[in-house]
Amino acid sequence: MPLYIGVMSGTSLDGLDIALIRQDERPQLIDALCVPMPDELKTSLLALCAPGEDEIARSAVAEQHWATLVAEGIEALLHKQQLPASAIRAIGSHGQTIRHEPQRGFTKQIGSPALLAELTGIDVVADFRSRDVAAGGQGAPLVPAFHEMLLADPQEPTALLNIGGFSNLTLLHPQSDVRGFDCGPGNVLLDAWIKRSKGEEFDHDGDWARSGVICEELLERLLSDPYFSISGPRSTGREHFNLGWLQDRLHGIGCADEDVQATLLEVTALSVSNALVTAQADTRRLYVCGGGAHNKALMARIEALLPNCDVDTTDALGISPDWMEAAAFAWLAHCCLERICANRPSVTGARGLRVLGAIHPA
């Protein structure tokens with residue numbers, strides 16, 4: 001059975017997730033690793049998420065650095081598995097999103113797939129999102145098709161929740177097509193606020209959020225954002241939810257820093273639970289993946305808000321929460337090479353099914 005490698009670099013920018021799968025009737029995760037994101041590269045990528053001087057050159061330099069780092073990670077993974085590059089049919093590279101504005105007809109991921117193919121000697125499939133956007137879709141989320149394949153023919157209403165920088169839901173129901181959408185901020189504001197306030201990269205287990213109390217006025221201001229009331233296909237990114245967005249809504253409110261963190265955790269939990277109850281009220285099982293699955297305070301709050309739903313991580317499906325998205329992009333590479341349509345119009349709003357990805361031969 002063919003082997004694929006998937007590479008995912010999300011909006012949290014904490015590292016590059018690299019997964020090795022064997023594509024059988026269902027993909028099997030063989031191994032995975034995470035390459036920490038160097039501070040210099042993280043800073044460069046974050047700066048590219050907003051307009052600035054000399055963006056084209058800065059983008060080109062950053063993606064060369066990104067691709068080189070990915071190539072080193074793939075080499076380490078292959079060495080660990082004692083596999084030659086020739087054993088891998090293709091790499092599915094998501095790249096790094098620096099702009100996502102489907103309402104303006106574009107989404108932009110960088111990652112120099114040509115350089116990655118050159119450095120690894122392996123065919124690279126990249127640029128998965130733009131074809132769906134070209135067909136009138138949001139270009140995100142793309143993982144619902146992968147989730148649908150993993151949980152074919154669900155016997156009860158089921159959902160999968162990915163909590164990365166942003167959170168997204170996949171809805172699977174025995175009586176309807178797969179659906180999905182971005183709920184809103186996942187870890188992006190939590191990480192940004194603790195970085196600003198304490199110089200830490202993330203809130204371990206949500207302990208700092210637990211030490212605060214929810215600021216009701218701030219919570220009301222945050223949840224009044226029109227994004228949370230959009231009912232159709234929707235996706236979002238740092239262009240919308242960012243530290244500036246938060247600071248604008250903090251104006252005139254005297255909250256302690258830890259209370260802001262507690263309120264941001266509540267926003268993430270409520271945006272997920274409200275969206276799930278609105279879109280699929282009879283959900284009986286929720287599987288969680290992404291970095292947010294390790295935030296014990298956030299997981300406990302989501303469970304409390306969904307008392308009629310069994311909440312578990314995707315470990316129960318045989319894939320660690322840490323590697324679900326990287327495995328999905330390995331599978332998307334397989335779909336591209338086999339000319340299998342991998343978007344879902346019921347999720348993204350595209351005009352129809354499309355083969356996703358652009359192929360860069362080694």
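Predicted model: local features only at pLDDT ≥ 70, side-chain atom pairs only at ≥ 80, totals over all residues.
Start by colouring residues 3–139 and 323–360 as domain 1, and residues 157–283 as domain 2. The C-alpha centres of these two domains are 24 Å apart. Where they touch, domain 1 contributes 18 residues and domain 2 contributes 15. About 1,300 Å² is buried between them, with carbon and sulfur atoms giving 51% of that area. Now select Thr11, His100 and Val347: together they supply 36% of the area that domain 1 buries against domain 2, more than any other three residues.

**Across the interface**

Next, show the side chains of Lys42 and Glu201, which form a salt bridge with an N to O distance of 2.9 Å. On the domain 1 side, helix H1 (39–47), strand E4 (88–101) and helix H13 (345–348) each supply at least two of the touching residues. Strand E4 gives the largest share, 4 residues. By type, this side of domain 1 has 6 nonpolar, 7 polar and 5 charged residues.

**Other salt bridges**

The model has 14 salt bridges in total.

- Select Glu217 and Arg221, whose side chains meet at 3.2 Å, N to O. Both are in helix H8 (residues 216–223), 4 residues apart, about one turn of the helix. Glu217 is partly exposed at 43% relative accessibility, and Arg221 is partly exposed at 27%.
- Move to Glu266 and Arg301, where the closest N and O atoms are 2.8 Å apart. Glu266 belongs to helix H10 (residues 257–279) and Arg301 to helix H11 (residues 296–305), so the pair links distant parts of the chain, 35 residues apart. Glu266 is buried, with a relative accessible area of 6%, whereas Arg301 is partly exposed at 29%.
- Then pick Arg285 and Asp310, which meet at 3.9 Å, N to O. Arg285 lies in strand E10 (residues 285–289) and Asp310 in strand E11, so this pair ties together parts 25 residues apart in sequence. Arg285 has a relative accessible area of 28% and Asp310 one of 46%.

**Last stop: a loop residue**

Finish at Ser320, in the loop between strand E11 (310–313) and helix H12 (324–337). Is Ser320 buried or exposed? Ser320 is buried, at 19% relative accessible area. Beyond its neighbours within four places in sequence, Ser320 contacts Thr314 and Asp315.

Terms used: Residues numbered from 1 in each chain as written. Heavy atoms only, no water. Domains from an automatic or database assignment. Contact = heavy atoms within 4.5 Å. Buried area = accessible area lost by both parts, 1.4 Å probe. Salt bridge = Lys/Arg side-chain N within 4 Å of Asp/Glu carboxyl O. Nonpolar A, V, L, I, M, F, W, Y, C, P; charged D, E, K, R; others polar. Buried < 20%, exposed > 50% of the residue type's maximum accessible area, 1.4 Å probe, protein only.
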